Amino acid sequence: MTEQQPSNWNVPNALTTLRIVMVPFFGVALLHDGGSSNGWRWVAYVLFAVAMVTDKIDGDLARKHNLVTNFGKIADPIADKAITGMAFIGLSVIGELWWWVTIIVLVREWSVTLARLSIARHVVMAASRSGKAKTMAQGLALGGFVGPFKH
C-alpha cells in the first residue's frame, strides 16, 4: 500500500510561495535610491527578516504535520536561493558587497541546490545540522548588510 501524498494546498507551501513572491518587492526596496534610503532599507530588512522566519516555520510545519510535498521539495530551496541570491546581488549592485563574494557564494549555493533537486523526486534530503547553521549564519550576516544600521 502506498502512502497518500499530502495536498499541495497547505500552510508550508503557502509560506514558501509567499517567500518567492516577496523576492521582487525585497529587491525593489533594497535597490531603491541606490540603497541609500534608510526608509526603504528598513522595508527591505523587514521583508528579508520575514522571509528568513517563514523559511524556518514552513519547514518545521511540513515535517511536524507530515505535509512534505513534491512541490515543497522543489520550491523551498528555490525560494531560499531566490531571496538570499537577491540580497547578495542587490548588495553587490549598490556597492556594499564585493562581487567576487557574491559570485563564489551563489555558484556554491546553486550547485548544491541543483544536486539536491536532482534527487528530490526520489527522497527527501533533510538539511544537515551544519547546513542549517550555515543558513542561519548567512541570513544573519545578510540581514546585517541589508538593514539600515550603517547609514
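In this predicted model, the count of aromatic pairs comes to 5. Two of them are described here. A pair of aromatic rings is described by the distance of the centres and the angle of the planes.

| Pair | Kind | Centre to centre | Angle between planes |
|---|---|---|---|
| Phe26 and Phe48 | tilted | 5.6 Å | 35 degrees |
| Tyr45 and Phe149 | edge-to-face | 5.1 Å | 85 degrees |

Let's start with Phe26 and Phe48. This pair links distant parts of the chain, with Phe26 in helix 1 (residues 11-31) and Phe48 in helix 2 (residues 38-64), 22 residues apart.

Tyr45 is partly exposed, with a relative accessible area of 26%. Both rings also belong to one aromatic cluster, together with Trp42.

Next comes the surface. Here Leu31, Ile89, Val93, Trp99, Ile103 and Val107 form a nonpolar patch, with about 530 Å² of accessible area together. Helix 3 (70-93) and helix 4 (99-120) are the elements that give two or more residues to this patch. Which helix gives the most? That is helix 4, with 3 residues. Trp99, one of the patch residues, has its place in helix 4. With a relative accessible area of 43%, Trp99 is partly exposed.

How values were computed
Residues numbered from 1 in each chain as written. Predicted model: local features only at pLDDT ≥ 70, side-chain atom pairs only at ≥ 80, totals over all residues. Heavy atoms only, no water. Patch = residues over 30% accessible without salt bridge, like charges linked within 9 Å, V, L, I, M, F, W, Y side chains within 5 Å. Areas by Shrake-Rupley, 256 points an atom, 1.4 Å probe, with all protein chains shown as cover. Salt bridge = Lys/Arg side-chain N within 4 Å of Asp/Glu carboxyl O. Helix = DSSP H or I, 4+ residues; strand = E, 2+ residues; numbered from the N terminus. Buried < 20%, exposed > 50% of the residue type's maximum accessible area, 1.4 Å probe, protein only. Phe/Tyr/Trp six-rings, centres within 6.5 Å; stacked < 30°, edge-to-face > 60°.
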